Amino acid sequence: MCKLRGIIALAFILMLAWPAQADESPYLSTLKTHGVAPTRDGLGHYLRQLEPTTEQMASAQRLIAQLGEAESFTARERAMQQLISMPHAPKDKLLAATNSGDPEVRWRSGAVLAAIRGGQRDRVLFAVLKTIHREELDGLSAELLLAIPHCSDEYLRRAAQDALLATVQPSDA
């Protein structure tokens, strides 16, 4: 019995002495990894980018061209990561790039497509939707309505519905 009390006391002391770690939400971690600020402005910006402008499409095309940048490995890596993180990366142009004469462009464009198909884009969208729902951020109804066509799976449609219910205001009517 005395031995058990000693173990319990030691466990209690270790629990008190052990530094508490921030319990960061996996959604916030995903947003942070992909450079999306977990604020009304940051989340709204991400959702608005789901429908790319002409300028954003031109930017994506420049990034695809940078996949074969012979001068800088860092530039190729950065272009690849930016394409993966884009909510609107042009799959058709990336698919065409997989037939490039440059093996580096072929490989990198294929890797970007694999990441997109692997659900990375959906994970970021899901994190955005869940954060809006959890934080009950108002003023994002129009942006959420833009996101609905991009919610191809049931879990995304449900998350969009929950986010919309959490953010909708009478003034949105």
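Residues are numbered from 1 along each chain as its sequence is written, and side-chain values use heavy atoms, with hydrogens and water left out.

Let me start with confidence. The predictor's confidence in each residue is given by pLDDT, on a scale from 0 to 100. Across the protein chain it averages 85, and 86% of the residues score at least 70. Helix α1 (residues 2–17) has the lowest confidence, at a mean of 56, whereas α10 has the highest, at 94. Where pLDDT is low, predicted coordinates should not be read in detail. Helices here are DSSP runs (H or I, at least four residues), numbered from the N terminus.

I turn to the cores. A nonpolar core is a set of buried Ala, Val, Leu, Ile, Met, Phe, Trp, Tyr and Cys residues joined through side-chain atoms within 4.5 Å. Buried means under 20% relative accessible area, exposed over 50%, and partly exposed in between, with a 1.4 Å probe and protein chains only. The largest such core has 23 residues, and Tyr46, Leu47, Leu125, Val128, Leu129 and Ile132 have the most contacts inside it. Two or more residues each come from α2 (26–33), α3 (40–48), α8 (120–135), α9 (141–147) and α10 (154–167). Of these, α8 gives the largest share, seven residues.

Which residues does leucine 125 contact, beyond its neighbours within four places in sequence? They are Tyr46, Leu47, Leu50, His150, Cys151 and Leu156, where contact means heavy atoms within 4.5 Å. A second, separate core has 17 residues, including Leu63, Leu67, Ala79 and Ile84.

Now the individual residues. Glutamate 143 belongs to helix α9. Is this glutamate 143 buried or exposed? It is buried, with a relative accessible area of 13%. Setting aside neighbours within four places in sequence, glutamate 143 contacts Gly44, Leu47 and Arg48.

Glutamate 136, by contrast, is exposed, at 57% relative accessibility. Glutamate 136 sits in the loop between α8 and α9, and its phi is near 50°, a positive value in a residue other than glycine.

Finally, glycine 68 lies in the loop between α4 (54–66) and α5 (73–85). Not counting residues up to four places away in sequence, glycine 68 touches Arg76, Asp102 and Val105.

Conventions
Predicted model: local features only at pLDDT ≥ 70, side-chain atom pairs only at ≥ 80, totals over all residues.
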